[in-house]
Amino acid sequence: MDVFGLSLGLLVLFVGFGLLIGVLFGFFGMGGSFLVTPALIVMGYPTRVAVGSGLAFVFGTSVIATLKHRDLGQVDYKLGLLMIVGTTLGIEVGKEMVIYLEELGLAGSVISVTYVFLLGGIGLFVTYNAVTGSSGGGVDHDAAAADGDEDIPDIAKTIQSYRVPPMMSLRGGITVSLWMILSVAFATGLLSGLLGVGGGFIRMPALFYLIGVPVPVAVGTDLFEIVFSGGIGSFLYAMDGGVNLGIVLPLLAGSAFGARLGSAATSIVDEDEIKVYFGLMLLGGSLAVAIREIGSVYDIPVFDTVSLLLILGSALLVSGAVVYSSVTALRAEASASTPSVEHR
Amino acid sequence: MIGGEAVPPTVEAALLIGVVLLEAIVLYVGYGLAERLFGDRIVDRITNA
């Protein structure tokens, strides 16, 4: 039986994969989309379809996340609109690069290598911080909420000191050069267009570390912006036939449900307990792409399967850890609230 | 595709994105409703299991 041109097995796989990604997105407030594109590439979809469908999935997921966050009042619309301008240019350039690289037959290799370094680097960073107990480099939303604007990182202070007009006043009492905002937006848009990711796991820290926006505002503005960057990116790819609804719709159906589970888990589980798994998952994703690339260079087809299993396994490990910790915490809470007399 | 004429790529792309947007809104509303109706019961089942 085929649905949207997919076999029932593939449909279940996409809904299940979306569910895992949704749990991660809902819990960590970022991430997940960077697993979709490499997984689709590993599954044998053309690079353009993998990137375009990844962006369309990011668009749908961010619409849902923004709807949930719309009442928080943590969106700087002026910054968001400026970011959209820079990001759109970046995505267009990134897309042209993918098409050009496809013509050269290098798209898969270049995107895979970029993924390996990006995911591997961030994975090492998050794992190191989780293991050493350092909170200095994370993008942890709880810490974010506690941070004030007096905690502006040194790099951001340096960037703010470059007063190239016109200067823009942002929420949180920050004044930054328009050109600096557009540069950060362009760079993150370029990565979005090239890699088929929403760019949230790069842009949110960039807004905080490079521009100095307070983290809660960075999160809200980032979500607002992802709706547009994901929408514009997927629209541009869709015009070239790069969006496959048969992939996007089941992924989104799973992720919307997973995101609710993940969001609910944030109020139950301590994020620091899970962070190390998140770092390991990024490293697993990076390793998976590297294995696949080695397999294609040396023509070892089994490496494709190993790579796909590693990606799914990594996502399953972290989502499972979030769900398991939530259930354990709920039961512990329930037994703690039960009168002790009943146990005697 | 109506009348055998091809839909311009821009319109086709807009329709594709529209479908994704519609699905996102339907899922947001649908799952929200399901959470309100069954959420507490499911949490009770988990804690009492």
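Predicted model: local features only at pLDDT ≥ 70, side-chain atom pairs only at ≥ 80, totals over all residues.
F57(A) lies 195 residues away from L252(A) along the chain, yet the C-alpha atoms of the two are separated by 6.3 Å. Beyond neighbours within four places in sequence, L252(A) is in contact with residues of both chains: F57(A), G60(A), T61(A) and I64(A), together with V20(B), E23(B), A24(B) and L27(B).

Helix α11 of chain A also takes part in the largest pocket. This pocket has a volume of about 610 Å³. Of its 21 lining residues, R260(A), L261(A), A264(A), I42(B) and V43(B) are the closest to the centre. Two or more lining residues come from each of α11 (245-266) and α13 (302-337) of chain A and α1 (9-48) of chain B. The largest share, 9 residues, is given by α1(B).

| Class | Lining of the largest pocket |
|---|---|
| Nonpolar | 15 residues |
| Polar | 3 residues |

Elsewhere in chain A, helix α4 covers residues 77-104. Its 28 residues should span 40 Å at 1.5 Å a residue, and the end C-alpha atoms are 40 Å apart, so the two values agree. The N-terminal end of α4(A) is capped by D76(A), which places a side-chain oxygen 3.2 Å from the backbone nitrogen of K78(A). Just after α4(A), G105(A) adopts a positive phi of about 75°.

Notes: Residues numbered from 1 in each chain as written. Chains lettered and ligands numbered in written order. Heavy atoms only, no water. Helix = DSSP H or I, 4+ residues; strand = E, 2+ residues; numbered from the N terminus. Expected span 1.5 Å × (residues − 1). Polar contact = N/O pair within 3.5 Å; in protein donor to acceptor, adjacent residues only side chain to side chain. 1 Å grid on protein atoms, 1.4 Å probe; cavity = no way out; pocket = protein on both sides within 12 Å on 5 of 7 lines; lining within 4 Å. Points joined across faces, edges and corners; volume = space filled by probe spheres on them. Nonpolar A, V, L, I, M, F, W, Y, C, P; charged D, E, K, R; others polar. Contact = heavy atoms within 4.5 Å.
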